[in-house]
Amino acid sequence: MNNLFRHIEYLLLRHDCVIVPGLGAFISASRPAKIDMQEGKILPPSKSLMFNQSVATDDGLLANSFARKTGMKFEEARQAVVHEVNDIKVCLRDNGMVECGGLGKLVTGEEGNIVFLPSKSPEIKSEHMGFLKTDMSLFSQKDEAPQIPQEKPSQPDNCTQATQDTEKNYYQLRISKAFIRVASVMAVVAAVALTVILNPIPHDNREQRASVVPVEVLIAKPKPEHKIINTVPQEQSIVQPVEQKQPAHYLIVATFSSEKEAHSYADRFSTPEFPMTTVASRKVCRVAIASSDDRDSLRRQLNSSPVASRYPGAWIWSR
C-alpha cells in the first residue's frame with residue numbers, strides 16, 4: 001500500500017486528479033497567494049487535497065506510473081494496482097483506517113463510505129511550486145545604532161545663551177543603517193507579493209490523462225488530404241486533384257480529446273510489430289494499430305493472442 005501512495009504523491013505534483021481504480025480519486029485544488037495578518041505571514045500559492053469516492057473508473061494513469069517505475073508491461077502494472085487496491089479495502093474493512101503516506105489517511109464513515117482526512121502538512125507543499133512562506137515579523141524588528149557624542153566647540157560666555165536659543169528651533173533625525181536594510185527587504189517582499197497576487201499561477205483543471213475508453217469531446221474536423229497525380233495524354237500534362245481513399249475500419253487502442261495528445265501517444269508507444277497511426281474524426285482523435293476495408297480481417301486480428309494480451313481494451317471503429 002505504501003508503494004501505491006508513493007505513486008499517488010508523485011503524480012499529484014504533476015496532475016490535478018489521480019484516480020485509484022475501484023476506490024476513488026485524489027483531487028488537488030489550487031489556492032492563490034494571500035496575506036495572513038493574524039499570523040503575520042505572506043502565504044504563497046498552494047494546493048488543497050480532496051478525495052471523491054464516486055470517481056473510480058480506471059484511466060490508466062496509475063498503471064502507467066507503475067510500468068515506468070518497475071519496467072513491467074502495462075497489463076501487469078494494472079494488475080499490480082488492482083492488488084494494492086484490494087489490500088486497502090481489506091484494511092479498511094478490518095481496521096477502519098488506512099494511512100496514506102504523507103497525504104493523510106482514509107477512514108470508514110458512519111454510513112460505510114470512505115472519508116479522507118488530509119494531514120496538517122501534506123506532501124503537496126508550496127516549496128514544490130517554487131515559493132516559500134515569508135515571515136512579516138522581520139519587518140517589525142528595531143535596531144538602533146549607538147549614538148556617538150559630539151564635542152561642541154568652545155564659545156565665549158556672551159554667546160552661550162544665544163546658541164541655546166538657536167538650537168531650540170532645530171530637530172535632529174537619526175536613521176540607522178539597520179532600518180534602511182529592513183525597509184529595503186520589506187519593499188522587495190511587497191513587490192514580489194503583489195506580483196504573485198496579481199499574476200497567479202495558471203493551472204488547467206482539465207484532467208491530463210490518456211484513456212483507452214472512447215471519450216466525446218468536440219474538436220475541429222481536419223480537412224481531407226489531397227494528392228496530385230500527373231497524366232500525360234499525347235504532349236500535354238494535365239494535373240488533377242484526387243481525394244485519397246481512406247480505409248473503412250480501424251483497430252483502435254486509445255482515444256484522445258486532441259490531435260496533439262494522440263500524436264504524442266502514437267510516437268511514444270508505436271512498435272515495429274504494432275505501428276500506430278492517428279485517425280481524426282468529428283469529435284475525437286483515435287490511435288489505431290491496423291486498418292482495413294475488410295471488417296472480418298480486423299476482427300480476426302483483434303481476437304489474436306498478440307493483440308488480446310497487449311491491448312485488452314482494443315476495439316473496431318468504422319467510419
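Student: What is the protein chain built from?
Tutor: The protein chain has eight helices and 15 strands. Keep in mind that this is a predicted model. Of its 319 residues, 30% count as buried. As for contacts between residues at least 6 apart in sequence, 60% join residues at least 24 apart.

Student: Let's take a helix pair. How do α2 and α3 pack?
Tutor: Helix α2 covers residues 61-70 and helix α3 covers residues 74-95. They pack at an angle of about 115°, and their axes are 8 Å apart.

Student: Why are α2 and α3 called roughly perpendicular?
Tutor: Angles of 65 to 115 degrees count as roughly perpendicular. The angle here is about 115°, and α2 and α3 are therefore roughly perpendicular to each other. Their crossing is right-handed.

Student: Which residues make the contact?
Tutor: From α2 you have Leu62, Ala63, Asn64, Phe66 and Ala67. From α3 come Phe74, Ala77, Arg78, Ala80, Val81 and Glu84.

Student: What classes of residue does the contact of α2 with α3 have?
Tutor: There are eight nonpolar residues, one polar and two charged.

Student: Which residues of α2 are buried?
Tutor: Leu61, Leu62, Ala63, Ser65, Phe66 and Ala67 are.

Student: On to the rings. How many aromatic pairs does the structure hold?
Tutor: Seven aromatic pairs. One of them is Phe256 with Tyr265.

Student: What makes the pair of Phe256 and Tyr265 tilted?
Tutor: To pair at all, ring centres must lie within 6.5 Å, and these are 5.3 Å apart, centre to centre. Planes under 30 degrees apart count as stacked, over 60 as edge-to-face, and the rest as tilted. With 50° between the planes, Phe256 and Tyr265 come out as tilted.

Student: How do you know whether Phe256 and Tyr265 are buried or exposed?
Tutor: Buried means under 20% relative accessible area. Phe256 has 4%, so Phe256 is buried. Tyr265 has 18%, so Tyr265 is buried too.

Student: Then what about Phe274 and Tyr311: why is that pair called edge-to-face?
Tutor: Their ring centres are 5.6 Å apart and their planes are at 90°. Planes over 60 degrees apart count as edge-to-face, so that is the name this pair gets.

Student: What does the pair of Phe274 and Tyr311 tie together?
Tutor: Phe274 lies in the loop between α6 (259-269) and β13 (277-280), while Tyr311 lies in the loop between α8 (305-310) and β15 (315-318). The pair therefore ties together parts that are 37 residues apart in sequence. Both Phe274 and Tyr311 are buried.

Student: Which residues do ring pairs link into a cluster?
Tutor: Phe26, Phe51 and Phe116. Of these, Phe26 has its place in strand β2, residues 24-31.

Student: Why is Phe26 called buried?
Tutor: The cut-off is under 20% relative accessible area. Phe26 has 0%, so Phe26 is buried.

Student: And what makes Gln53 partly exposed?
Tutor: Partly exposed runs between the buried limit of 20% and the exposed limit of 50%. Gln53 has a relative accessible area of 35%, so Gln53 is partly exposed. Gln53 sits in the loop between β5 (46-52) and α2.

Student: What does Gln53 touch?
Tutor: Leaving out residues up to four places away in sequence, Gln53 touches Leu23, Gly24, Asn113 and Ile114. Phe26 and Gln53 are 27 residues apart in sequence, with their C-alpha atoms 8.8 Å apart. From Gln53 to Phe116, 63 residues apart along the chain, the C-alpha separation is 9.4 Å.

Student: Where is Lys105, and why is Lys105 called partly exposed?
Tutor: Lys105 is in strand β7, residues 104-108. Its relative accessible area is 28%, so Lys105 is partly exposed. Beyond its neighbours within four places in sequence, the contacts of Lys105 include Met97, Cys100, Val115 and Phe116.

Student: Last one: how do you know how Ser309 counts?
Tutor: Exposed means over 50%. Ser309 has 49% relative accessibility, so Ser309 counts as partly exposed. Ser309 is in helix α8, and its C-alpha atom is 8.0 Å from that of Glu75, although Ser309 and Glu75 are 234 residues apart in sequence.

How values were computed
Residues numbered from 1 in each chain as written. Predicted model: local features only at pLDDT ≥ 70, side-chain atom pairs only at ≥ 80, totals over all residues. Heavy atoms only, no water. Axes fitted to C-alpha atoms, helices over the stretch in contact; angles between N-to-C directions. Helix = DSSP H or I, 4+ residues; strand = E, 2+ residues; numbered from the N terminus. Parallel < 35°, antiparallel > 145°, perpendicular 65-115°, else oblique. Left-handed = near helix turned anticlockwise from the far one by under 90°. Contact = heavy atoms within 4.5 Å. Nonpolar A, V, L, I, M, F, W, Y, C, P; charged D, E, K, R; others polar. Phe/Tyr/Trp six-rings, centres within 6.5 Å; stacked < 30°, edge-to-face > 60°. Buried < 20%, exposed > 50% of the residue type's maximum accessible area, 1.4 Å probe, protein only.
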